[in-house]
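Me: Hi! I've got this one open on my screen and would like to talk through a few spots. Ready when you are.

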Amino acid sequence: MRGQKKASKEKEKVEKNNGALIDEIKQGMKGAEYLCDDGIATALYLADELNKPILAEGPAGVGKTDLAKAYSRYTGLPLIRLQCYEGLDEAKALYEWNYKKQLLRIQADRTEGTSWEDLEDDLFSEEFLLPRPLLRAITNEGRVVLLVDEVDKADVEFEAFLLEVLSDFQVSIPELGTVDARQMPFVVLTSNRTRDLSEALRRRCLYLYIDFPEVSRELEIVRLRVPGIAEDLARRVIAVVRYIRQMDLKKVPSISETLDWATAVKVLGRDVIDEELISSTLSLLVKEQKDLEKVQASLKSLARQALE
Amino acid sequence: MEIDERLLDFIGKLRAAGMHVSLAESIDACEAVRVAPLEKMDIFRSALRATVVKNEMDYPIFDAVFEDYFLGAEALAAPPEDEPGGEDSEGTGSMTPAELTEMLRDALEHGSMDELAALARMAAATIGQMEGGFGRGSRPLAFMAGSGYYMFRGMEMLKYARLSAELQEMAADGEIMPELPPVLAAEELRERIEFFRRALEREIQRQLALERGEEAVSRTRKLPVRPEEIEFINASVRQVDDMRRILPSLARKLAARIARRQSEGRRGRLDIRNTLRHSISSGGVPIDVKYKKRVPAKPELFILCDVSGSVRTFSTFTLQLVFSLHQQFKAVRSFAFIDRVDEVTELFKYCDVDEAIERVYREGVLVDGDGHSDVGRALDLFEKEFSGELTPRSTVLILSDGRNNARDPRSEALGRIARRSRRVYWLDPEPAERWDTGDSIIGIYEEHCHAVQEVRNLKQLADFVYRRA
């Protein structure tokens, strides 16, 4: 059945002009308010075709997490998110027995005098299982988009465990047996590279490095995400942001910060970006105190960028 | 050739260039090109890149090999269609360099990318005429000039450095592309300048391939090196820029690794209070056992760095890396020397490392003699002036190539420093096989150090810091 479906899908693809498939993804993602370049669209397409996870790396705030969210909006698949942090373990990522509830169950049972065997069967049933994101992604009825955010924050042991789940998409729960995925989830992992991920994990994934976009794409992003902003104003906003990015700062403004600032400028209803406006809204763009001081010092040249 | 075979051949080239491509990844690549549309070169490239390259640092290597393998071959098989016919190209070939430069200026200012590409072809033809063709002549293969040589000649002929500097200045003043804000104009211009440079390089490589054959060209081609593997002592200006670019992320990664190691492994004593508090939620049964955290001892760091010409890059990067990790240390004090030594800790508080070293140079407090480094004298002076402040918790790092220009080593001073401090490490940016050759006397100092470490590139530097921090 599945094979047949696949064959017909294949045929359909041959009939279609191949390049159009990538364009379709681009269009669809644009509808979900995310602008892809060729690289991103190709990676999404391949991830879907080859059933492989995408590993997205890049500076903070370029839209790695947003990629998964937008893909979920585009395809209509539900999004399940697993946020990684130091100390994250199987119990928080996969499943956990609700032992407090189990204790209650035992205590409630004392008076009734059920046999231990019955009680044990009862205690380790689905009722007392707390499914966490990974298990939910696997057992969900339909296909889902699984976002494993900031994998680099998790410990090395967890990464190894993740690897196991991602390669088989099955989980064994000793008391219940093996759980197989009903549908392969579409997996996106993101990393800010605070540490290098293992070779093995990289091998299993399609790799995608997302960098700050070039001028034209950033302009398009601003116009897409800040509806109603005048073309001219958008360009000035970007000029200022890109000027700041060239400065030697601890943390340069990311795309999300650009969008915040563009929205603020628009909401304030100004059509000229002058020194005073930049100065009063700068904290939206630059978050470090030292950086702020540095940028404040060169407000004049910043404002000049926006005027011409 | 079958596409699979060609792919495997291509992957072989990537491996030869130093990339790790596993079997699983080559299978993925084959599958990817089967489902991905091949008509568009960009998509084909993205598809291969996503399956085969798993580290952003490898992108430059991949791109170079890819262009070489797929675009080079394609260009050979079918020269660009819009190339003017035989007579035309001879006509353009007779253009003088000055005329070319003028046309190039116009094209960079407001021409299209196609015009730039066409100009690159003309420029390559002119270079060919000047140099008497791209053939290898009577020279043996090993001594043959590579594309780098022709690029150099071409850039010189077009006065490209001056031209692009002039244009960039104009762009910053808003004189070029007036419809754009100056930053955007400057950025656009930078892209064009780089585009032309790449186009010219490609064209030269194509000509070389035509006249000498593919094989000969790929032998003379230099592939890009990962920034973390560039050697400090002979890095070009461009490479130093690359290294500077990756340093912050390297430092961040290193700090995270060190922090992780400290939080792992070293578990403190049982924290009874905390354990009991958590046991309340499980009816008094201590299911979660809590431990106290152990606070790692932080060393006090004394960095003594040679800032004379040959090892300056190395010292700068090491200082920068150590400063970005300053929270790992109780205190960091830095001293710079050439043939005199002076403390520069304060200076670094106010300006960045590059600037500070520049100032140290200008103010000339480090040089008495001829400007060659004198390690022995510097050690001696350091010992006299500062060793009173060394304690059994101090770690001394010496950054130098140990080339003493045939002067007195005075290693007994280092011996006294070592006795007063906890550890003395010597980091040498030269490859270990060159130690103790010529005027390098690292061996004499070695007996007073806890370790002498070869640190040729950022990778080795990060490894050293990780192991010892």
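Me: Which residues of helix 6 of chain B meet helix 7 of chain B?
Reply: This is a predicted model, and in it Leu100(B), Met103(B), Leu104(B), Ala107(B) and Leu108(B) are the helix 6 side of that contact. Across from them, helix 7 of chain B brings Leu116(B), Leu119(B), Met122(B), Ala123(B) and Thr126(B).

Me: And how do those divide into nonpolar, polar and charged?
Reply: For the contact of helix 6 with helix 7 of chain B, 9 residues are nonpolar, 1 is polar and none is charged.

Me: What angle do helix 6 and helix 7 of chain B pack at?
Reply: About 165°, with the axes 10 Å apart. Helix 6 covers residues 97-110 of chain B and helix 7 covers residues 113-130. At that angle, helix 6 and helix 7 of chain B are therefore roughly antiparallel to each other.

Me: Is the crossing of helix 6 and helix 7 of chain B left-handed or right-handed?
Reply: Left-handed.

Me: Now the two chains together. How many residues of chain B are in contact with chain A?
Reply: 42 residues of chain B, and they touch 41 residues of chain A. The area buried between chain B and chain A is about 3700 Å², with 56% of that area coming from carbon and sulfur atoms.

Me: How many salt bridges are there between chain B and chain A?
Reply: The count is 4. In one salt bridge, Lys253(B) pairs with Asp196(A), and their closest N and O atoms are 3.2 Å apart. As a general point, side chains of opposite charge can pair when their charged atoms come close. Over all chains, the structure holds 50 salt bridges.

Me: While we're on those, which residue does Arg236(A) form a salt bridge with?
Reply: Asp232(A), with the closest N and O atoms 3.2 Å apart. Arg236(A) and Asp232(A) both sit in helix 12 (residues 231-246) of chain A, 4 residues apart, or about one turn of the helix.

Me: At what angle do helix 11 and helix 12 of chain A pack?
Reply: Helix 11 (residues 215-225) of chain A packs against helix 12 of chain A at about 125°, with the axes 10 Å apart. That makes helix 11 of chain A oblique to helix 12 of chain A. Their crossing is right-handed. By class, the contact of helix 11 with helix 12 of chain A has 5 nonpolar, no polar and 6 charged residues.

Me: New topic: where is Glu96(A)?
Reply: In strand 3 (residues 95-97) of chain A. Leaving aside its neighbours within four places in sequence, Glu96(A) is in contact with Ala91(A), Phe128(A), Leu129(A), Leu130(A) and Arg132(A). Glu96(A) and Arg132(A) are 36 residues apart along the chain, and their C-alpha atoms are separated by 7.5 Å.

Me: Last one, backbone angles. Is phi of Glu150(A) positive or negative?
Reply: Positive, near 55°. Most residues other than glycine have a negative phi. Glu150(A) is in the loop between strand 5 (145-149) and helix 9 (156-168) of chain A. Arg410(B) also has a positive phi, near 45°, and is found in the loop between strand 6 (394-399) and helix 18 (411-420) of chain B.

Terms used
Residues numbered from 1 in each chain as written. Chains lettered and ligands numbered in written order. Predicted model: local features only at pLDDT ≥ 70, side-chain atom pairs only at ≥ 80, totals over all residues. Heavy atoms only, no water. Axes fitted to C-alpha atoms, helices over the stretch in contact; angles between N-to-C directions. Helix = DSSP H or I, 4+ residues; strand = E, 2+ residues; numbered from the N terminus. Parallel < 35°, antiparallel > 145°, perpendicular 65-115°, else oblique. Left-handed = near helix turned anticlockwise from the far one by under 90°. Contact = heavy atoms within 4.5 Å. Nonpolar A, V, L, I, M, F, W, Y, C, P; charged D, E, K, R; others polar. Buried area = accessible area lost by both parts, 1.4 Å probe. Salt bridge = Lys/Arg side-chain N within 4 Å of Asp/Glu carboxyl O.
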